[in-house]
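Please look over the sequence and the structure shown here before reading on.

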Amino acid sequence: MAIIGILVALLLPAVQSAREAARRNACVNNLKQITLALANHEGIAGHYPASFQLDPGETLSTNNGSWSIQARLLPFLEEGAAFEQIRFDLPWDDAVNRASGVPTLRVPVYVCPSEVNDTVRIKNGEAFVYPHTYGGNFGRWLVHDPADFSNQGDGVFYVNSRLRPAQVTDGLSKTLAFAEVKAFTSYIRNTADPGPAIPDEPSDLPMAGDLKLGVETNSNTGHTEWPDGRVHHSGFTAVFTPNTRVPFEQDGVTYDINVNTQKEGNSATQPSYAAITARSYHPGGVNASRLDGSVHFVSNDINRGGWRALSTHEGEEVVNAE
């Protein structure tokens, strides 16, 4: 029995490693499919989808007023039936859209097999919406300037964008498309205006605002709404390198948070800046795709300047491919 116990102890790490390798490979395949869907969308529409739709000067009376990139890619991911049921002129949590069942739909390609909270989000005791684990590239820090619609984020996705491959002057192979994020992420939104300087450290972020966190899983609502176009739900930014811990303490509990300083559509004057970190459950880094369709494993130790350079579409930086 002792010998059997020793053998099991020796084999268990190898089995766990093999399972994680399989999950990581499946995650890579998910990202390839999503990025191919993005290319197919561009081939038909002539541009990549916008992250959010707003008219100049418009503020939204509803929380969930604009459908996400992920929603607009559904027809290219064999989810055309769900896409046809969407009323894009209504918020995703409007009664009509909720009645369709689309918001609570688990889209398999949008969930990494390593995600530990692969479950529908509950609100008021009922299924409300499904999370996802692949965020679109919203750039470095600025997400949206409502006072100047010509001044938007420098990623691939931003408010009212109609970005075309020819405008990606850094090159498709050197520009991020999607990266892993964790479902049910803690976050803070609607803070004081921090200004345009990109924070160097987590401690530089504004930490007073609307808290979306708590000891219950469903209290931590970042990346739980795949239909929602705001950056804290459907995107990531490159302020910090993958899996950088951004600590915030509340009632004796320390959370690893994201920050969206002003949710898009909430103000007609205050810009939205965001530190939405790419995170995963894969040891050592995250999977991330680029606009050319390639998928790379990005180490937590990647140079911060290189990571930020990969997130811009026209920064004209020299980027090391790895």
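## Basis of the model

This is a predicted model, in which local features need pLDDT of at least 70 and side-chain atom pairs count only at pLDDT 80 or more, while totals for chains, interfaces and linings use all residues. Residues are numbered from 1 along each chain as its sequence is written, and side-chain values use heavy atoms, with hydrogens and water left out.

## Strands and sheet

Helices (H or I, at least four residues) and strands (E, at least two) are DSSP runs numbered from the N terminus, and two strands pair if DSSP finds at least two bridges between them. An open sheet with mixed pairing is formed by five strands in the order E8-E3-E5-E12-E13. Its edges are strand E8 (235-236) and strand E13 (295-299), each of which pairs on one side only. Within this sheet, E5 and E12 run antiparallel and are joined by three bridges, with Phe-178 standing opposite Ser-289 in E12.

E1 and strand E2 (residues 126-129) also run antiparallel, joined by three bridges, and here Arg-121 stands opposite Val-129 in E2. The two strands E1 and E2 form a hairpin with two residues between them, and Asn-124 in the turn has a positive phi of about 55°.

## Salt bridges

Side chains of opposite charge can pair when their charged atoms come close. With a salt bridge taken as a side-chain nitrogen of Lys or Arg within 4 Å of a carboxyl oxygen of Asp or Glu, the count comes to seven. In one of them, the side chains of Arg-106 and Asp-118 meet at 2.7 Å, N to O; both residues lie in the loop between helix H4 (95-100) and strand E1 (121-123), twelve residues apart.

Another salt bridge joins the side chains of Arg-140 and Asp-154 at 2.6 Å, N to O. Arg-140 lies in the loop between strand E3 (134-137) and strand E4 (142-144) and Asp-154 in the loop between E4 and strand E5 (176-180), so the pair ties together parts that are 14 residues apart in sequence. On the accessibility scale, buried means under 20% relative accessible area, exposed over 50% and partly exposed in between, with a 1.4 Å probe and protein chains only; Arg-140 is partly exposed at 31%, whereas Asp-154 is buried at 19%.

## Aromatic pairs

Rings of Phe, Tyr and Trp (its six-membered ring) pair if their centres lie within 6.5 Å, and planes under 30 degrees apart count as stacked, over 60 as edge-to-face and the rest as tilted. The structure holds seven such pairs. Among them is the stacked pair of Trp-141 and Tyr-273, with 5.2 Å centre to centre and 20° between the planes. Trp-141 lies in the loop between E3 and E4 and Tyr-273 in strand E11, 132 residues apart, and both residues are buried. One aromatic cluster is formed by Trp-67, Phe-83 and Phe-88.

## The largest pocket

A pocket is, on a 1 Å grid over the protein atoms alone, an open set of points where a 1.4 Å probe fits, with protein on both sides within 12 Å along at least five of seven lines, and lining residues have an atom within 4 Å of a point. The largest pocket is lined by 15 residues, of which Phe-184, Thr-185, Ser-186, Asn-220 and Asp-256 lie nearest its centre.

One of these residues, Asp-256, also meets Arg-279 in a salt bridge of 3.0 Å, N to O. Asp-256 belongs to strand E10 (residues 253-260), and Arg-279 to the loop between strand E11 (272-275) and strand E12 (285-290), 23 residues apart. Asp-256 is partly exposed at 21% relative accessible area, while Arg-279 is buried at 3%.
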